[in-house]
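Hi,

Here is the structure I promised to pass on to you.

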Amino acid sequence: MTRKAKPAAQATAAATAATGVQYWLLKTEPGEWSWSDQASAPGGVAPRDGVRNHQAMKNLRAMRTGDRCLFYHSGAGAASRRVVGVVEVARTWYEGEGEGEGKEAASGGAVDVRAVGEFRNPVPLGEVKKAAGEVEGMRDFALLRQPRLSVMPVPGKIWDWICDAGGGFVQDGEAEEEEG
C-alpha cells in the first residue's frame with residue numbers, strides 16, 4: 001500500500017513544479033566534510049567538489065541556483081549513514097583548478113552550496129530502506145539502487161517524506177522552540 005503525501009508535502013511538490021526548483025542528495029564523509037564544517041563555513045557556503053564519477057559530475061552540472069540538496073553523511077558504519085540537513089545551491093557548476101593529469105584534472109569543477117538548516121532528527125539510511133515499500137518511488141530511489149553514487153536527484157515525494165521524517169530543519173539563527 002502506497003502512503004499518500006501529507007497536505008504540506010503536496011504543497012511542497014506543487015511549489016517545486018511552479019518554481020522549477022530541483023532536489024538532490026549530496027553524500028559526504030563526515031571525517032572529511034561534516035554538517036558542522038558546512039554550517040560553520042563563512043556564510044554557510046562552501047564548494048561541493050572532489051567528484052570524479054561521471055554520473056555524479058553530470059548531476060552537479062545540472063544543478064541550478066536555488067535547488068535544494070539533502071546533506072547526507074556517509075561512512076563505514078551503518079549508524080553514520082544518515083541525512084542530517086539541507087543545503088541550497090548558491091553557485092552553479094564552475095571549473096576549478098584541477099590538479100594532476102587526466103581524470104583528476106577533469107574533476108576540477110564544483111558547485112557552491114549554502115547551509116539552510118539541520119534536521120531536528122537525522123534520518124538514518126535504515127529508515128529510508130524500511131520506507132521502500134510504503135513511499136511511492138522509494139524502491140527506485142538512487143540512494144537505494146546506486147549506493148556508491150555521491151550526487152543524485154531526489155524525487156519530490158521522497159524529498160517530502162525525508163523532510164517529514166527529519167522533523168523539519170532548524171535554519172541558521174532560528175531558535176528551536178521548547179515543547180512543554
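Strand β4 (residues 82-95) runs antiparallel to strand β5, and 10 bridges join the two. Strands here are DSSP runs of E with at least two residues, helices are runs of H or I with at least four, and both are numbered from the N terminus; two strands pair if DSSP finds at least two bridges between them. One spot to look for is Tyr94, which stands opposite Ala110 in β5. Tyr94 also has Arg91 over the face of its ring, at 3.7 Å from the ring centre (a charge counts as over a ring if NZ of Lys or CZ of Arg is within 6 Å of the centre and within 35 degrees of the ring normal).

Before you go further: this is a predicted model, where local features need pLDDT of at least 70 and side-chain atom pairs count only at pLDDT 80 or more, while totals for chains, interfaces and linings use all residues. Residues are numbered from 1 along each chain as its sequence is written, and side-chain values use heavy atoms, with hydrogens and water left out.

For the overall layout, the chain has seven helices and seven strands, in the order α-β-α-β-α-β-β-α-β-α-α-β-α-β. Of its 180 residues, 41% count as buried (under 20% relative accessible area; over 50% is exposed and in between is partly exposed, with a 1.4 Å probe and protein chains only). Of the contacts (heavy atoms within 4.5 Å) with a separation of 6 or more, 69% are between residues 24 or more positions apart.

Next, the aromatic rings. How many aromatic pairs does a search of the whole structure find? It finds three, where rings of Phe, Tyr and Trp (its six-membered ring) pair if their centres lie within 6.5 Å, and planes under 30 degrees apart are stacked, over 60 edge-to-face and the rest tilted. Tyr23 and Trp159 are stacked, at 4.1 Å centre to centre with 10 degrees between the planes. That pair links Tyr23 in strand β1 (residues 23-28) to Trp159 in helix α7, 136 residues apart, and both residues are buried. Phe119 and Phe169 have ring centres 6.3 Å apart and planes at 70 degrees, so this pair is edge-to-face. Phe119 sits in β5 and Phe169 in β7, 50 residues apart, and both are buried.

Helix α7 (residues 156-165) deserves a look: Ile158, Trp159, Asp160, Trp161, Ile162 and Cys163 are buried in it. Just after α7, Gly167 takes a positive phi of about 70 degrees. Ile162 touches Leu70, Val83, Phe119, Val123 and Phe141, leaving aside residues up to four places away in sequence. Ile162 is also one of the residues that touch the most other members of the largest nonpolar core, which has 45 residues; such a core is a set of buried Ala, Val, Leu, Ile, Met, Phe, Trp, Tyr and Cys residues joined through side-chain atoms within 4.5 Å.

Last, the cysteines. The structure holds zero disulfides (a pair of cysteine sulfur atoms within 2.5 Å). Cys69 counts as buried at 0% relative accessibility, and Cys163 is buried at 14%.

Cheers
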